Structures are given as C-alpha cells and as structure tokens.
Amino acid sequence: PPASQNNEQGSTLRDLLTTTAGKLRLGSTDAGIAFAPVYSTGTASGKSGRTMPNILDDIIASVVENKIPPNRAPKINVKSEIKDEPKDDKKCVQDDCSKRYSDIQYSWICDKHVLWLRDHKNSNNWKLFKECWKQARPVLVSGMHKKMNFSLWKAESISLDFGNQQADILNCKDSIISNTNVKEFWDGFEDVSKRQKVKNGETALLKLKDWPSGEDFKAMMPARYEDLLKSLPLPEYCSPEGKLNLASHLPGFFVRPDLGPRLCSAYGVAATKDHDIGTTNLHIEVSDVVNILVYVGIARGNGVLSKSGVLKKLEEEDLDDLLRKRLKDSSELPGALWHIYAGKDADKIREFLQKIAKEQGLEVLPEHDPIRDQSWYVNKKLRQRLFEEYGVKTCTVIQFLGDAIILPAGALHQV
C-alpha cells in the first residue's frame, strides 16, 4: 500500500487493536495497555472507580468516532513463500498452459473438465496435476500397462492361481449376491457359453465384489501387489509412501478409509441384451481413488457384439473429439465406459433420481438415498433429462487398456 496509508487507523484488525487499545482510559489514569485485564478497577462495593471497559466496545466506538470508510481496501501484508504458483489457478487450468508446462504431454477432454496426461513416464506430471487437483477435477493418465508385467493380469493367469478361492459374486442386473467358486467367474470371462444364465435364459452380467481387497490383496497376491505399486501414476500422490498421500500418513488413532488396493473384475455389458445397465452403479467414494485398467477381455460366443459393434455403441455416447480419435486408433483397446459428475451436483442428482423413482411407482422412503444405496445406473435417456431439467452435464470418459483414472473424493461416477 502507499506510504500515506501506513499510519491510517483501522486498516486491519491488528491496526485497530494496537491503535485503539493504547487510547483506552482506565479509571482516572491514561495507562496505555495492549490487552485489558479482566477484573474491575473499582472497590469490592463497585462504587468507586470505573469498571473495566469492554475492549471490543471501545474498538468499535473508536472506529465509528473516527469514521473509517467501511469500503476502504484492507492493508494486506502477506508474503507468498511459493514462487511458482500461478496467480489464477482456474485460468491456468482452463486456458492454454503450454508455456508453463511445455515439458509435459497433456490434453484436456470433456470440455476441459478432465486433464489427460499422455506420458506416464514424465516425472514432472505432478506439477500440472496439482493445479488440476486443486479444483477437484478428474485426471486420466494413459499407458500405465507399459510399466506392468502384463502376464500377471491376464484372466487365465488369475484363474489358474486362485480358481479354488471362494468369493462374493454380484449379478449386476438384479443385485443378487452369491458365494461362488472364483473359477466359475473366470471361466466365463471371455467365453460367453460358460457364463451363468438367469431365469429367462439371458446371460448373467457378473462382477467379483472387491476380491481381493486391502491386506488380503497384499497377502494373497504379493507379486501383483508389488507390480501394481511400482506402476502407480503420480507416485507423489498415489503411492502409499507418497509425500502428498495424506491419508496413508494419518496417525493410527484415526479411522482410515479403505485405501485398498482392491481388484475390480466384471463381465462386459456388450455380451448382454440390456445395454442400459452398468457393472458399477452411481456412487461416491469417501477418499480419492485411482483406478487402473490392467486387462481387457475380448468376449466370444453367440450374441456378443463384434469389436466394430462395440465401437459403434461407444460412438453413440456424447464423446469428446479426442476420445473419438482414440477409438479409431487400432493400437488402443477400450474397456470401460465412465460417467462422472462433480460433487457439487450431488444434491441435484439425488433430487432427480428420487423424482424418477416416484414416476416409476417406486417407494421413496425418507431414509432412502439413491446415491449412498448405489441403486441407480443412469442410462442415456435419463442423462439427457438430467441435463435438460437440472442443468447437470455428464462427463463421459472411455477408459482404455492401461488408463489410470484418478477421481477426487466426492465425485459421483458409474461404470
């Protein structure tokens, strides 16, 4: 601020305290103190001397008496210790950052809502990532499978090593969970003829529910656990030992969220008649999540869409131009379709789903939360209504083999 302002009274709270406190008149004296004592200067009877003035009242009175303009800009004497922070985070994220991050290969997808880091090996990726992460935006890092031992993650390899295990298997269409031998699931992973059938003869869409997870993953699959950890994107944030992975450094007396890792395995929707269902319904995670697509199975058998048929179905989605370009690249293998929403839209989405439930004659109980209960997969028709009626736009992302999708806590998503 200009030097002329330095002596003006009341430009900051500290100025008010230091300039006003010194002028307080205590009793008959002119003693100047910075902070008033909490006792009275009078006698026990309270008849002589003046009661200690309320320091806040005196400050307010002083401000009013001196008519300090309420709209004057405050004096701020804060000095930044970080030299390389941009002045406007949002502008840096949304505008072209090519000069600032010329050494990083990246693009923006989904109307600049998602950052795509195209070179997983670049050690400077985290610098651009942190700018995006400040604004709770999803990030995609491609090519992670190139760092991994691909043979470990093949369906036949996992079936061979762990086929005798028992696990919970979810039928994604009707949410029925059964405890089954894992080999049955893996036998049908790429051979539709070996998949379970439901009552009407339709092929079941099955999912292994978080098998294995956490410490079980580490104990059961030590080689895969180590392969995964050494291949994590942005290790400063994603590695359990990462200096910016705050959750993993919480003291033991905190109740930590389940930080995994967990293996999520599911059949593809392409082999089912109903393409309006998902393998993961709309939900929210309480911690940040990194999801790496380590294997994509190519299903074979009657009624299965060909690769060109799958691509055609994906092209019907509301896709970014860059994602459409990746679909046409023969070296890329698409495996999962994501729909992502910002956490700030959760209340609107909740209200919308409750409205749809009533329209469909479903009972909506007061304690029912469609997001927490993970009871909805929002199909294309509903996604369009959500945009038209509530102004909530869907961010559609195709996850290709080797893609890591990093989501901030609170982001809604379905797969």
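Modeller: Helices (H or I, at least four residues) and strands (E, at least two) are DSSP runs, numbered from the N terminus. This is a predicted model, in which local features need pLDDT of at least 70, side-chain atom pairs count only at pLDDT 80 or more, and totals for chains, interfaces and linings use all residues. Residues are numbered from 1 along each chain as its sequence is written, and side-chain values use heavy atoms, with hydrogens and water left out.

Colleague: Which residues does a cis peptide bond join, G260 and which other?

Modeller: Most peptide bonds are trans. Here a cis bond links G260 to P261, with omega about 0°. P261 sits in the loop between α9 (235-238) and β7 (265-266). Another cis peptide bond joins W211 and P212, where omega is about -20°; P212 belongs to the loop between β6 (206-208) and α7 (214-220).

Colleague: What is the phi of D210?

Modeller: Most residues other than glycine have a negative phi. D210 has a positive phi, near 50°, and lies in the loop between β6 and α7. The phi of A136 is also positive, near 55°, and A136 is found in the loop between α4 (125-133) and β3 (139-141).
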